[in-house]
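Please read the points alongside the structure.

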Amino acid sequence: MNKVSGLALLTVLFLVTSGSACSSRPDEQIKLAEKAMEQAKEQRAEEFAQSDWANAQQVWEQAQSQLKNERYGEAGTLLLRAKSRFEKARDIAKAKRDAVLKEAQELQKAVDLRYKALKTDVEGNVAKLSPARKKSLDDSFKDIDKGIEKVQADIEAGEYSQARTTAQTAIRRVFEAEKELQGYLGTSKKT
């Protein structure tokens, strides 16, 4: 009888021990999911991969709820899912950010080229411009210069969407100044 109860006690201890080992706090999964979340934040997934970010956040919150209730097995599964979804959001955001950066840089080059040509046109026709018209163009140039500086600052700060918007505004100002010059000179220029 003692052997049977001893064996039963060992079996119960084994089951309890193995059960608690399976349901220990998933610290490694937590760290991996947090790392994936941080990487997604660095790529601005909330801005560039909104639905994927929201999906990952939802799974993360579900995992946190399971951790709070000490349901570690379910939490571990959810944490792995959250990690995977954060990584997907990160990858999508990076691709979109890279595309926006490329567009901003292309706009920046277009602004630089058109602006340089505009300045050359103004310098070549300065004698034909009244002081008021020259001042108006100089004011436009100051705005364009500020825009060009802001585009570069936005790019350096990683604010690619803002850089694109600023570059679009700058190129629009260049076009307006070109039209202004054409109007003053009574010419038309092909764009």
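1. A crossing counts as left-handed if the near helix is turned anticlockwise from the far one by less than a right angle, and as right-handed if clockwise. The crossing of H6 and H7 is left-handed. Helices are DSSP runs of H or I with at least four residues, numbered from the N terminus.

2. This is a predicted model, in which local features need pLDDT of at least 70, side-chain atom pairs count only at pLDDT 80 or more, and totals for chains, interfaces and linings use all residues. Residues are numbered from 1 along each chain as its sequence is written, and side-chain values use heavy atoms, with hydrogens and water left out.

3. H6 (residues 131-156) and H7 have axes that come within 8 Å and cross at roughly 165°. Axes are lines fitted to C-alpha atoms, for helices over the stretch in contact, with angles from 0 to 180 degrees between N-to-C directions. H6 and H7 are therefore roughly antiparallel (over 145 degrees).

4. For H5 (residues 72-124) and H6, the axes come within 11 Å and cross at roughly 155°, which makes H5 roughly antiparallel to H6. This crossing of H5 and H6 is left-handed. In the contact (heavy atoms within 4.5 Å), residues of H5 including Leu101, Val111 and Tyr115 meet residues of H6 including Leu137, Phe141 and Ile148.

5. H7 (residues 160-185) has 26 residues and reaches 37 Å from its first C-alpha to its last, close to the 38 Å expected at 1.5 Å a residue; the expected span is 1.5 Å times one less than the number of residues. Just after H7, Gly186 has a positive phi of about 70°.

Terms used:
Helices (H or I, at least four residues) and strands (E, at least two) are DSSP runs, numbered from the N terminus. Angles under 35 degrees count as roughly parallel, over 145 as roughly antiparallel, 65 to 115 as roughly perpendicular and the rest as oblique.
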